[in-house]
Amino acid sequence: MREARIPTEELMGSGHLACQGCGATIAMRFALKALGRETILVIPACCWAVIDGTFPHSAVDIPIFHTAFETAAVTASGVKAGLEMRGDFETTVVAWAGDGGTFDIGLQALSGTAERNDDIIYVCYDNEAYMNTGIQRSSSTPVGSWTTTTPVTNYKKRPKKNMVDIMAAHAIPYIATASVAYPEDLIRKFKKAKAIKGTKYIQVLAPCPTGWKLSPELSIWAARKAVTSKVYPMLEITENGNKLTVWKDFEPTSFKEYIKPQGRFRHLKENEIEEIAKGVESSWQRLLAREKMLASIPGLDT
Amino acid sequence: MKKVVMGNHAVSYGVRASEVKVISAYPITPQTHVVELLSELVANGEIDAKFIKVESEHSAMAACVGASAAGSRAFTATSSQGLLLMTEMLHWAVGARLPIVLTNVNRAIGPPWSIWTDQNDSLSMRDVGWIQIYCESNQETQDAIPQAFKIAEEVNLPVMLVLDAFFLSHTYEIVDLLETEQVRDFLPPYNPEIKLDTNDPHSFGNLASPDYYMELRYMIEEAMNDARSVIKRVGKEFGEHFGRYYDMVVPYRCDDADVILVTSGTVASTTRAVIDEMRDEGIKIGALKIRVFRPFPFKEVSDILCSTKKVAVLDRNISFGNHGVFYQEVKSALYGKTDIPIIGYVLGLGGRDVTPKVIREIADKAIKDKNPEPYINWIGVKR
């Protein structure tokens, strides 16, 4: 995770329309550095539908096809099939969607693409709510969080949907989580995904200062603390769902520290914070146990 | 080669002849045989295409949109609820100006569940921007597919081909099957100038401000208007290649007719038989089949209907609160051109059989009916 080799070529311009400190923009910048020019993006309704800029401009230097909210995965499947029937087997096709377009409205089409194992990279830049429409809860919104549809008097009581597990159940060749705080790791994972045939799913934690009620300069800080506080584990699932590798080589930090500068958690009382922190720890332990369990079954990871 | 095939299989053979590169579809009664035969033709190599077997019709159209944007010829088939589920992506295909072809088997919409024919599914898509062509026989159903791609690829608009559930989809007729090699001269391979291309990167469909949106819509309307002459020319060219000519409308014994029955789909054939019978009795009656519904053939319809004394429009559909859809359209085509009576008849919904007897009843009634009360005549409704 310490290897510092970031390509210098920029495929994303600075003239985009994102908010200050936008994690989704940083995610795109590094992802494109990993993927290179031979890439086509399929973007559904999400922040990036706007960040790209207004017609006739575009903030990225590769082709983008904007598509309807729930269709990122299958539109990408169609693009890939269309390219291959023209004899182009080289271009990487990437569906690039937010958590609403992935966890919620786009789940069905994504499941279809993954079940067919269509040869695309599906990226969910996860900012944990419907940020483009102005911060409404999604099924990716973590427990305890405020949004405009989960007001502080009735904050989100249910945990974040485990999208990684759902994708693992599809037995696809590559699944990874990444964080914009670890660009070298993010680039490595995108390069790895690019080299694998089949459906690849990468979920990138992309803090949203606007929606998280966080100072923009703390965006990367939060993306790092989410990992070190075990809220957002960095993992890879390979061998068609049979091998789980969890990154553990970090100094653990507290859940309380992670949520402190985020206004979306400000209403939580001490006991509520403790309760949620307990949940974070048990999810982490369950993840480690599964890693161990899968590794203990002989012949499973081949 | 002539073969006895069902309407659904005529669709699949039309797709085979048109060298489609990406097929994406989801099964629904009564369209299922289309996708079954296509699966077989792709599996045995008779069609060199990828078949994306999606989990919904919404995804079927999204996959076609992606494939077409990447520069490949794309096809899907559906019916009824499936077409409705596709609605959002039908709009997307139009806005993105993608020449996708879709065959829709006309089936009534639930509830209550009905698998039988009527036109409310396709006609509820009339304002979307798809060219719509209504087929009357299995031969037409097959022939329409290469024509549809030729039209679509010239005007950059998608084309919806429509056939009646069961009366065509499941009915076996003799069809002169098109051979791929023959069709190649008529329909060259699809190689669009504008497509997703990493050597020429563009952003397609991104946010357009009010300064641009209206012009892009205007261009769609221009393309729809251009399609009129393209459809006529392509129908003629098809005839020159294969001996079967197609046009926007098909008049039958209209020249000296006092009454003209306006029809579409399989009702058109039944009507012709009734016209012959009535002509034998000395009654001056004719029929006009509307083949192309979008763009609506205003000129053809008004040229033919203005010479008669009374028009009866047979609608296998209902636009609740405002007559049958063909009635509305015919009336608007004739507005300001004539003051002859135009009477609407709604019939055959949910697959209720439209027999020669039913058509005869309408024809006799139309001759007697005074304009224009009542506007809508519900035929055969048990009250």
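Me: Which strand does helix α7 of chain A run at about 160° to?

Reply: The model under discussion is predicted. In chain A, helix α7 (residues 183-195) lies across β3, β4 (121-126), β5 (174-179), β6 (200-205) and β7 (235-238). The strand to which α7 of chain A runs at about 160° is β5(A).

Me: Which strands stand at the edges of the open sheet of nine strands?

Reply: The order of this sheet is β8(A)-β7(A)-β5(A)-β6(A)-β4(A)-β3(A)-β1(A)-β2(A)-β9(B), with mixed pairing. Each edge strand pairs on one side only. The edge strands are β8 (243-246) of chain A and β9 (203-204) of chain B.

Me: What is the bridge partner of A:T39 in β3(A)?

Reply: Strand β1 (residues 39-43) and strand β3 (residues 92-98) of chain A pair in the parallel sense, over four bridges. Within β3(A), the partner of A:T39 is A:T92.

Me: What radius of gyration does chain A have?

Reply: Chain A contains 11 helices and eight strands. For 302 residues the globule rule gives 19 Å, and the value for chain A is close to this, so the chain is as compact as a globular protein of that length. The C-alpha trace of chain A spans about 60 × 55 × 35 Å along its principal axes. The radius of gyration of chain A is 18 Å.

Me: Does the radius of gyration of chain B agree or disagree with that of a compact globule, and what is its value?

Reply: Chain B holds 12 helices and 16 strands, and its C-alpha trace spans about 65 × 55 × 45 Å along the principal axes. A compact globule with 383 residues would have a radius of gyration near 21 Å. The chain B value agrees with this: 21 Å.

Me: Why is one side of β3 and of β13 of chain B left without a neighbour in the sheet, and what twist does the sheet average from one strand to the next?

Reply: The open sheet of seven strands in chain B has the order β3-β2-β4-β5-β7-β6-β13, with mixed pairing. Strands β3 (50-53) and β13 (292-294) of chain B stand at its edges with a single partner strand each, so one side of each has no neighbour in the sheet. From one strand to the next, the twist averages 20°.

Me: Which residue of β3(B) is the bridge partner of B:V22?

Reply: Strand β2 (residues 22-25) of chain B pairs with β3(B) in the parallel sense over four bridges. The partner of B:V22 in β3(B) is B:K50.

Me: How is α1(B) oriented to α2(B), and in which hand do they cross?

Reply: In chain B, the axes of helix α1 (residues 7-17) and helix α2 (residues 32-43) come within 8 Å and cross at roughly 40°. This angle makes α1(B) oblique to α2(B). Contact residues include B:V11 and B:V15 of α1(B) and B:L37 and B:L41 of α2(B); by class, the contact has seven nonpolar, four polar and one charged. The crossing is right-handed.

Me: How many charged residues are in the contact of α9(B) with α12(B)?

Reply: Helix α9 (residues 267-280) and helix α12 (residues 356-368) of chain B pack at about 60°, their axes 9 Å apart, which makes α9(B) oblique to α12(B). Their crossing is right-handed. Among the contact residues are B:E277 of α9(B) and B:R360 and B:D364 of α12(B). Seven residues of the contact are nonpolar and two polar, while the charged ones number three.

Methods
Residues numbered from 1 in each chain as written. Chains lettered and ligands numbered in written order. Predicted model: local features only at pLDDT ≥ 70, side-chain atom pairs only at ≥ 80, totals over all residues. Heavy atoms only, no water. Axes fitted to C-alpha atoms, helices over the stretch in contact; angles between N-to-C directions. Helix = DSSP H or I, 4+ residues; strand = E, 2+ residues; numbered from the N terminus. Parallel < 35°, antiparallel > 145°, perpendicular 65-115°, else oblique. Left-handed = near helix turned anticlockwise from the far one by under 90°. Contact = heavy atoms within 4.5 Å. Nonpolar A, V, L, I, M, F, W, Y, C, P; charged D, E, K, R; others polar. Pairing = 2+ DSSP bridges. Rg over C-alpha atoms; globule rule 2.2 N^0.38 Å.
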